[in-house]
Amino acid sequence: KEHVHFPGEDETEKVSDALDTSKVLSRLSKLTNESEKVNEKPELTNFQRLQLFLQSSTFDAIISAVLFTNVMLLGLQLQFEGSRIGYSIAYYPEKVPADRDWPGIQEGLHIADHLFTVIFTADVVLRIACLKCSFWKSPMNWIDTGVVVLTLATVFLDMSSLPIDPIFLRLLRLGKLARAFRMIILS
């Protein structure tokens with residue numbers, strides 16, 4: 001038998017093929033797989049994760065907490081040294097606090113100061129190593145580096161000839177603390 005071809009017959013076959021459930025599901029599956037490939041994010045390396053962490057608000061919050069603790073201890077150290085100087089020039093009639101009340105305070109403050117120096121040095125070195133040139137784009141990073149270098153200089157060099165107390169140089173960290181608080185409040 002010879003098949004008679006009617007006008008529009010090809011279109012009818014195309015419509016019936018398009019409505020074939022198995023073909024529709026196959027095409028849908030292919031489209032889904034292709035869109036998943038487009039939406040997949042490449043796996044980050046540990047180094048890239050570290051770079052992202054060092055620039056995150058979580059890291060800023062951690063450093064802010066360390067900075068806050070450091071500033072409180074620096075304030076305590078300044079108060080303690082001020083009261084000692086006041087006693088030595090006879091401004092105060094007795095040492096406040098008395099040596100017997102806090103026998104190891106000077107050593108404890110000295111150790112804490114060195115501990116914070118190690119933490120902030122590690123922070124700057126790690127950020128320079130990970131962020132490379134982008135580290136130097138932020139003015140606050142220049143201040144951090146300067147404070148760390150000056151702090152290390154006070155630890156390893158005789159800085160008695162400086163016209164200002166090295167503790168005041170370390171108080172420059174307050175600028176970083178203020179920046180961190182502002183970032184936390186804004187986020």
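The legends below describe close-up views of a predicted model. Local features need pLDDT of at least 70 and side-chain atom pairs count only at pLDDT 80 or more, while totals for chains, interfaces and linings use all residues. Residues are numbered from 1 along each chain as its sequence is written, and side-chain values use heavy atoms, with hydrogens and water left out.

**View 1. Helices α4 and α5 cross at roughly 150°.**
Helix α4 covers residues 57-88 and helix α5 covers residues 105-131; helices are DSSP runs (H or I, at least four residues) numbered from the N terminus. Their axes come within 10 Å. Axes are lines fitted to C-alpha atoms over the stretch in contact, and angles run from 0 to 180 degrees between N-to-C directions. α4 and α5 are therefore roughly antiparallel to each other, a label for angles over 145 degrees. α4 passes α5 in a left-handed crossing, in which the near helix is turned anticlockwise from the far one by less than a right angle.

Contact means heavy atoms within 4.5 Å. From α4, the contacting residues include Phe59, Ile63, Leu73 and Phe80. From α5, they include Ile105, Phe116, Asp123 and Arg127. The residues of this contact divide into 14 nonpolar, four polar and three charged. Nonpolar here means Ala, Val, Leu, Ile, Met, Phe, Trp, Tyr, Cys and Pro; Asp, Glu, Lys and Arg count as charged, and the others, Gly among them, as polar.

**View 2. Threonine 117 lies in helix α5.**
Threonine 117 has 6% relative accessibility and so counts as buried (under 20% relative accessible area; exposed is over 50%, partly exposed in between; 1.4 Å probe, protein chains only). Apart from its neighbours within four places in sequence, threonine 117 is in contact with Thr151 and Leu152.

**View 3. Helix α6 spans residues 139-156.**
At 1.5 Å a residue, the 18 residues of α6 should span 26 Å, and the end C-alpha atoms are 26 Å apart, which agrees. The expected span is 1.5 Å times one less than the number of residues. Buried residues of α6 include Met140, Asp144, Val148 and Thr151.

**View 4. Alanine 90 sits in the loop between α4 and α5.**
Its phi is near 65°, a positive value in a residue other than glycine. Alanine 90 is exposed, with a relative accessible area of 65%.

**View 5. Lysine 132 sits in the loop between α5 and α6.**
Lysine 132 is not a glycine, yet its phi is positive, at about 50°. With 49% relative accessibility, lysine 132 counts as partly exposed.

Methods:
Helix = DSSP H or I, 4+ residues; strand = E, 2+ residues; numbered from the N terminus. Parallel < 35°, antiparallel > 145°, perpendicular 65-115°, else oblique.
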